[in-house]
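Here are my notes on the model you sent over.

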Amino acid sequence: MRTSAATIGRRTLLKGIGAATAGALIACAPAQRATPSPTATARSGIGQPSASPTAAVRSDVVRLTSVVIPSDSGLYAHILPEFERRSGYKVEVTSATDVHGPARAGKADIVLSHYQHDGVASFMQEGFGEWPRMAFSSPGALIGPPSDPAKIRGLSDAVEAFTRIAASGAQFIVNDGEGHRHIGEVILRAAGLSTSASWYVDKGARAQMAMQAAAQAGGYTMWGLVPFLRTQKQAPLPLEPLVMHDQILKSVMITIVVSDKKVAGVNSKGAAALQRYLIDPETQARIRTFRMAGVSEQVWWPAAQDNDKAAFAGR
């Protein structure tokens with residue numbers, strides 16, 4: 001099911017995580033998001049057929065298939081109505097875990113995902129997408145128990161946080177989700193620590209499973225702030241976001257216009273207009289000033305870079 005940008009409500013996600021973080025992260029509750037089709041929730045498959053060559057272009061609509069957290073945080077509700085007003089296009093947003101499968105099947109004009117998202121490389125290498133453009137960065141966090149035995153709460157240096165966790169004897173549970181393992185290993189090496197240390201526990205757990213393992217161990221882990229807050233509302237665990245301000249924890253998100261040479265029915269003109277709007281300095285400034293409902297901390301950062309004059313032409 002798709003929803004227009006104008007009707008995407010601001011999501012509120014956190015309720016009762018704990019008094020220790022109440023000053024920065026105040027109770028709030030989730031809202032519904034667009035429900036992806038079965039195709040959208042399946043992992044993108046190499047060799048899936050593209051859309052029928054007779055598919056018609058919907059010239060007044062831009063179909064954006066996106067990972068979930070921009071909608072969940074309320075960012076799209078903040079920035080997309082202005083694009084619709086200026087351009088005359090209607091943006092249909094579908095939120096899903098897999099964004100590339102629908103695009104291969106002709107169900108998207110533009111996709112937005114983390115740069116390290118599964119499927120980005122094959123999507124580009126097989127010619128399904130035009131050149132990616134950085135749009136904004138999403139927040140990540142080192143997460144741990146309210147008692148915080150390693151005393152990392154409020155640190156801005158993830159290397160120092162890992163050093164304290166190692167010294168405390170508490171466990172760190174590796175989140176084997178997209179990019180988190182790599183970031184953890186970078187921090188470990190910067191701290192002069194070893195991945196073979198007994199406190200650094202790799203169970204192959206991803207996302208919520210890693211959170212559950214950390215909660216059971218009374219230890220620490222790493223995840224994106226928005227998905228963590230969302231799942232805390234759905235299934236609360238005795239965990240809190242403790243370190244959020246080190247740049248290494250942020251995850252860059254990119255837009256890719258679906259190639260109309262590879263997939264029929266793509267509104268490439270509208271998709272390019274939306275991509276240009278997202279990297280426009282005014283939009284980037286709006287992203288910087290956005291605050292998620294109930295959260296005083298900044299959770300999105302501008303990330304667009306002017307590395308192609310043509311992409312910024314006519315902005």
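1. Salt bridges first: searching the whole structure turns up 11 of them, counting a side-chain nitrogen of Lys or Arg within 4 Å of a carboxyl oxygen of Asp or Glu. Keep in mind that this is a predicted model, where local features need pLDDT of at least 70, side-chain atom pairs count only at pLDDT 80 or more, and totals for chains, interfaces and linings use all residues. Residues are numbered from 1 along each chain as its sequence is written, and side-chain values use heavy atoms, with hydrogens and water left out.

2. Have a look at Arg63 and Asp109, which form a salt bridge with their closest N and O atoms 2.8 Å apart. Arg63 sits in strand S2 and Asp109 in the loop between helix H4 (100–104) and strand S4 (110–114), so this pair ties together parts that are 46 residues apart in sequence. Helices here (H or I, at least four residues) and strands (E, at least two) are DSSP runs, numbered from the N terminus. Both Arg63 and Asp109 are buried; buried means under 20% relative accessible area, exposed over 50%, and partly exposed in between (1.4 Å probe, protein chains only).

3. Glu82 and Arg85 make another salt bridge, at 2.6 Å from N to O. Both are in helix H3 (residues 75–87), three residues apart, or about one turn of the helix. An α-helix has 3.6 residues a turn, so residues three or four places apart point the same way. Arg85 counts as exposed, at 60% relative accessibility. The pair also belongs to a salt-bridge network that links Glu82, Arg85, Arg86 and Glu282.

4. One more pair to check is Asp176 with Arg181, whose side chains meet in a salt bridge at 2.7 Å, N to O. Asp176 is partly exposed, with a relative accessible area of 24%, and Arg181 is partly exposed too, at 26%.

5. How far should you trust the coordinates? The protein averages a pLDDT of 83, and 80% of the residues score at least 70; pLDDT is the predictor's confidence in each residue, from 0 to 100. Confidence is highest in strand S2 (residues 61–66), at a mean of 98, and lowest in helix H1 (residues 38–41), at 36. Over residues 6–49 the pLDDT is below 50, although this stretch has 119 contacts in the model beyond near neighbours in sequence, a contact being heavy atoms within 4.5 Å. Where pLDDT is low, the predicted coordinates should not be read in detail.

6. Which residues of helix H6 (residues 158–168) are buried? They are Ala158, Ala161, Phe162 and Ile165. Looking down the axis of H6, these buried residues fall within an arc of 95° and so line one face of the helix; the arc is that of the directions from the helix axis to the C-beta atoms. Their cover includes strand S6 (140–144), helix H7 (180–190) and strand S9 (221–224).

7. Asp157 caps the N-terminal end, with a side-chain oxygen 2.9 Å from the backbone nitrogen of Val159. Following H6 comes Gly169, whose phi is positive, near 85°.

8. On the nonpolar cores: the largest has 58 residues, and those with the most contacts inside it are Leu64, Leu80, Leu112, Phe136, Leu274 and Trp300. A second, separate core of 21 residues includes Ala150, Ile165, Val174 and Val243. A core here is a set of buried Ala, Val, Leu, Ile, Met, Phe, Trp, Tyr and Cys residues joined through side-chain atoms within 4.5 Å. Leaving aside neighbours within four places in sequence, Phe136 is in contact with residues including Leu112, Met253, Trp300 and Trp301.

9. Two backbone angles to flag. Lys151 is not a glycine, yet has a positive phi of about 55°; this residue is in the loop between S6 and H6 and is exposed, with a relative accessible area of 54%. Ala207, in helix H8 (residues 207–217), has a positive phi of about 50° and is partly exposed at 26%. Most residues other than glycine have a negative phi.

10. Finally, is Gln284 buried or exposed? Gln284, in helix H11 (residues 281–289), counts as buried at 7% relative accessibility. Apart from neighbours within four places in sequence, Gln284 is in contact with Ala135, Leu278, Ile279, Pro302, Ala303 and Ala304.

Notes:
Polar contact = N/O pair within 3.5 Å; in protein donor to acceptor, adjacent residues only side chain to side chain.
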